[in-house]
Amino acid sequence: MTAVGIDAVEIWTGNLELDLPGTFAPQKGEDPEKYTKGLGLYASSFPDSYEDIVTMGANAAHRLMERKGLETDDIGRIDVATESAFDNSKPVSTYVAGCLEQVFEGDFHHANKGERKFACIAGTQSLDDACNWIRAGRNRGRAALVIATDTALYARGDAGEATQGAGAVAMLIDEDPDLVELSTEQGYGSADETDFLKPNQQFPSVDGKRSVQVYLARMREALEDYESVAGDVHVDDVAYAPFHTPFPGMVRKAALLAYRHIVRDTTIEDELADEIGRQPRPEAFDDDEAYRDALREYMDELKETDRYQEWYAETIDPTLTVSRNVGNWYTGSVHVARVSALKHALDEGRDMTGETMLIGSYGSGAQAEIHAETVCDGWEEEIEALNVDAQIEERYDLEWEDYEEIHDAHNHDVDSDVEELTTPEGEFVFDGWGRMGERK
Ligand code: CAA
């Protein structure tokens with residue numbers, strides 16, 4: 001079967017930055033370490049008044065098409081994944097296509113366009129759909145454009161406010177990809193949950209603590225389902241495991257769960273149990289609470305073992321570098337984690353060709369997906385071409401008063417005419433309804 005996967009990727013961050021320890025923590029009267037150590041976040045990307053999901057998505061896609069030398073005729077499908085959509089009828093991909101048609105010759109009349117919604121997992125679902133479209137031979141030699149774009153903003157005072165973010169990831173999906181090939185096996189964990197909702201409102205209603213538990217429960221199910229189709233995962237076979245990252249502290253919890261799952265019933269678990277002096281499966285307990293307490297104690301001790309900490313430092317921590325400085329990008333978040341891991345490999349001079357990554361995607365509401373990817377031999381050139389670090393560095397650092405004003409401006413319920421804080425440079429801008437995506 002022909003290899004299908006991600007040929008190229010581009011990232012576009014919101015142009016503003018909210019410093020969490022320096023600006024946010026003092027206003028909230030919180031210890032800065034709650035954010036840096038507890039949640040694992042240093043800054044959030046924030047959209048300027050002229051930025052939204054369309055402009056960020058179109059800017060990422062424009063960079064991608066320009067860099068790869070593509071024309072409109074090379075793209076047969078445009079899917080946008082978002083949970084920040086403002087139009088219940090016209091998909092965001094039509095707005096993005098309209099922007100791109102201002103710059104590239106021709107148009108996208110031949111392209112199938114859509115919008116995917118299932119909270120943060122929709123980016124991965126769009127990726128799966130695009131791969132399946134190519135595998136089914138329906139692409140007529142064309143590639144697919146998948147764009148994950150969100151303004152992940154919470155009401156002021158909501159616990160989630162510290163985890164905000166804004167940005168887009170554009171991915172080119174094609175045969176014989178340069179970056180990663182996707183496996184055809186996926187594992188799912190899915191249930192009807194109401195921990196995170198946006199019923200016709202800009203800012204979500206969220207039960208944050210519960211959402212963490214739902215994430216972990218669905219991820220455990222997805223791992224089990226994945227192994228039932230792909231066979232047991234071996235810890236040494238996974239170079240990196242990028243997970244959906246609403247904040248790095250969440251991934252700390254998910255990684256421990258995944259590790260415990262992967263090493264269960266292996267000699268590694270016996271060795272860890274010896275090191276800890278406690279069995280992970282306390283069969284002797286017959287009531288649930290005692291079992292849960294014993295398991296929790298085992299997990300607490302497991303995360304302190306050298307073996308686990310080394311695995312975390314090598315396999316998980318490198319996936320979090322970008323996220324620590326940009327916050328949650330909802331649908332784009334797991335795709336940022338993949339880029340972060342490969343950037344780390346490039347910086348370390350590690351040869352990733354042929355290596356496996358285990359991707360853990362998640363969306364509230366709720367669904368998790370696990371799939372594997374194999375890194376392709378053009379990965380270095382693709383990652384070298386990114387300018388993520390420069391984009392992060394060049395963001396405008398928000399004062400608290402500016403933040404409040406611009407936060408209001410992004411709430412569609414509030415009338416606001418706030419001045420832009422940065423000057424757009426060769427990028428699409430939101431210029432009022434009906435004048436979407438003009439390029440300045
Ligand atoms: N120094 C070091 N650590 C500190 C600290 C300090 N001074 N103060 C607190 N901490 C630690 C806490 O111990 C805690 O760590 P653990 O979870 O490991 O115990 C961590 O910092 C966070 O502290 P709190 O739990 O007190 O934080 P909070 O209640 O204010 O907010 C949250 C946490 C509920 C997750 C909130 O960020 C939230 O609502 N986020 C939005 C929802 C979310 O992201 N959920 C994730 C799963 S759902 C999903 O993934 C979909 C999606 O994208 C939204």
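## A walk through the predicted model

Strand 6 and strand 7 (residues 165-175) run antiparallel to each other and are joined by nine bridges. Strands here are DSSP runs of E with at least two residues, helices are runs of H or I with at least four, and both are numbered from the N terminus. Two strands count as paired if DSSP finds at least two bridges between them.

This is a predicted model, in which local features need pLDDT of at least 70, side-chain atom pairs count only at pLDDT 80 or more, and totals for chains, interfaces and linings use all residues. Residues are numbered from 1 along each chain as its sequence is written. The chain has a mean pLDDT of 94, and 96% of its residues reach 70 or more; pLDDT is the predictor's confidence in each residue, from 0 to 100. For the complex, the predictor gives an ipTM of 0.98 and a pTM of 0.96.

Of its 10 residues, 10 are buried. A residue is called buried if 20 or more other C-beta atoms lie within 10 Å of its own, exposed if 12 or fewer do, and partly exposed in between, with C-beta atoms placed from the backbone. In a regular strand the side chains alternate between the two faces of the sheet. In strand 6, one side carries Ala143, Leu145, Ile147, Thr149 and Thr151, the other carries Ala144, Val146, Ala148, Asp150 and Ala152, and all of these are buried.

Strand 4 is covered too, with seven of its seven residues buried. Strand 4 runs parallel to strand 6, with six bridges between them, and also pairs with strand 5 in the parallel sense over five bridges. Here are some of the facing residues.

| Residue | Stands opposite | Strand of the second residue |
|---|---|---|
| Valine 80 | Isoleucine 147 | Strand 6 |
| Alanine 81 | Alanine 148 | Strand 6 |
| Aspartate 79 | Glycine 114 | Strand 5 |

### The nonpolar core

Which residues have the most contacts inside the largest nonpolar core? They are Ala60, Ala61, Val96, Ile147, Ala170 and Ile173, in a core of 122 residues. A nonpolar core is a set of buried Ala, Val, Leu, Ile, Met, Phe, Trp, Tyr and Cys residues joined through C-beta atoms within 7 Å. Leaving aside neighbours within four places in sequence, isoleucine 147 is in contact with Gly57, Ala60, Ala61, Val80, Val96, Ala168 and Ala170. Contact means that the C-beta atoms of two residues, placed from the backbone, lie within 7 Å.

Helix 4 (residues 92-101) is mostly covered, with seven of its 10 residues buried. Those seven are Val92, Ser93, Tyr95, Val96, Ala97, Cys99 and Leu100. Their cover includes helix 3, strand 4 (75-81), strand 5 (112-116), strand 6 (143-152) and strand 15 (428-429).

Histidine 62 belongs to helix 3 (residues 53-67). Why does histidine 62 count as buried? Because 23 other C-beta atoms lie within 10 Å of histidine 62. Apart from neighbours within four places in sequence, histidine 62 is in contact with Leu100 and Val103. The C-alpha atoms of histidine 62 and alanine 170 are separated by 8.9 Å, although the two residues are 108 residues apart along the chain.

Phenylalanine 243 sits in the loop between strand 11 (238-240) and helix 7. Phenylalanine 243 counts as buried because it has 29 C-beta neighbours inside 10 Å. Not counting residues up to four places away in sequence, phenylalanine 243 touches Val251, Ala254, Ala255, Val334, Ala337 and Gly360.

Three strands form an open sheet in the order 3-2-14, with mixed pairing. Strand 3 (43-46) and strand 14 (396-397) are at the edges with a single partner strand each, so one side of each has no neighbour in the sheet. Strand 2 (residues 16-19) pairs with strand 14 in the parallel sense over two bridges, and glutamate 17 stands opposite aspartate 397 in strand 14.

### Around the ligand

Finally, the ligand is surrounded by 28 residues, the closest being Lys34, Gly38, Gly160, Gly208 and Pro246. The elements giving two or more residues to this shell are helix 2 (32-39), helix 6 (208-230) and helix 7 (248-263). A residue is near a molecule if its C-beta atom, placed from the backbone, lies within 6 Å of it. The shell divides into 14 nonpolar, nine polar and five charged residues. Here Ala, Val, Leu, Ile, Met, Phe, Trp, Tyr, Cys and Pro count as nonpolar, Asp, Glu, Lys and Arg as charged, and the others, Gly among them, as polar.
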